Amino acid sequence: MPDVRTPSPTRPSAPAGTSADTAPSPAELLEFARRTAADTALVDSLPLDPEGRTWLRLDGPGGSEAWLIGWPPGTGTDWHDHGGSHGAFVTAAGELQELSLAARLPTEGWKTLELADDVDRERQLPAGQGRAFGAHHVHEVINTSTERHAVSVHAYYPPLPLMRRYSRTGQVLRLEQIELPGEWE
Ligand SMILES: [Fe+2]
């Protein structure tokens, strides 16, 4: 695509209410992640490191933030949210496990929260499988394999403004840290 930087007027011709149409939906981000995860040349170009996760920044659709991530065996995130962004991810190689909460948590005003007994969900996501998620999604993603790397494609919109990281002991979730862009790369 040519790099055209013509300044545009302040959308005088756009009908009212259409600005949100330019924001990629969770379904569109999932479609992007699926398509990208099927791009074996791209997926194979990600350097893999047995000592830790590796990342490659991608061009996400519609101004979204996108990443290709390599997960050595046994690695994972901790519990986290996405600062109000929605998104999607798809496993491109290997298999990932997602643990998530089927409950909408308050985002502010607490340090520890006791979860109900029935809010835990678990998904196994082999290559080609993924999920979209809404703005309040809280989850943990793990490569449970003891021998195989996993690779996945992630997209977020708007670009992650922050991430809240939690620790968990039984049903008690504790807010540990609020990370700003740059701190998790
Ligand atoms: Fe996440």
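This is a predicted model: local features need pLDDT of at least 70, side-chain atom pairs count only at pLDDT 80 or more; totals for chains, interfaces and linings use all residues.

Student: Which residues does the UniProt annotation "binding site" cover?
Tutor: The record, an unreviewed entry, lists His 80, His 82 and His 139 under "binding site". They are spread over 60 residues of sequence, yet they cluster in space. The largest C-alpha distance among them is 9.4 Å.

Student: Where is His 80 found?
Tutor: Look for strand β3, residues 79–80; His 80 is found there.

Student: Why does His 80 count as partly exposed?
Tutor: Count C-beta neighbours. A residue is buried at 20 or more other C-beta atoms within 10 Å, and exposed at 12 or fewer. His 80 has 19 inside 10 Å, so it counts as partly exposed.

Student: And which residues does His 80 touch, not counting those up to four places away in sequence?
Tutor: His 80 touches Met 163, Arg 164, Arg 165 and Tyr 166.

Student: In which strand does His 139 lie?
Tutor: His 139 is part of strand β9, residues 139–142. With 18 other C-beta atoms within 10 Å, His 139 is partly exposed. Leaving aside neighbours within four places in sequence, its contacts are Glu 98, Leu 99 and Ser 100.

Student: Now a loop. Where is Gly 83 found?
Tutor: Gly 83 sits in the loop between β3 and β4. It is partly exposed because 19 other C-beta atoms lie within 10 Å.

Student: Which residues does Gly 83 touch, not counting those up to four places away in sequence?
Tutor: The list is Leu 160, Pro 161, Leu 162, Met 163 and Arg 164. Take Arg 164: it is 81 residues from Gly 83 along the chain, but their C-alpha atoms are separated by 6.6 Å.

Student: How do I read a sheet? In what order do the five strands come?
Tutor: Follow the pairing from strand to strand. Here the order is β1-β2-β10-β4-β8, an open sheet with antiparallel pairing. β1 (54–59) and β8 (130–133) are the edge strands, as each pairs on one side only. On average, neighbouring strands are turned by 20° against each other, direction ignored.

Student: How many bridges join β4 to β10?
Tutor: Seven, between residues 86–93 of β4 and residues 150–157 of β10, running antiparallel. Val 90 stands opposite Val 153 in β10.

Student: Which helix packs on the sheet?
Tutor: Helix α1, residues 26–37, touching β1, β4, β8 and β10. Its direction makes about 20° with that of β4.

How values were computed:
Residues are numbered from 1 along each chain as its sequence is written. UniProt positions are given in the numbering used here, feature names are shortened, and annotations may be inferred rather than shown by experiment. Helices (H or I, at least four residues) and strands (E, at least two) are DSSP runs, numbered from the N terminus. Two residues are in contact if their C-beta atoms, placed from the backbone, lie within 7 Å. Two strands pair if DSSP finds at least two bridges between them. Axes are lines fitted to C-alpha atoms, for helices over the stretch in contact, and angles run from 0 to 180 degrees between N-to-C directions.
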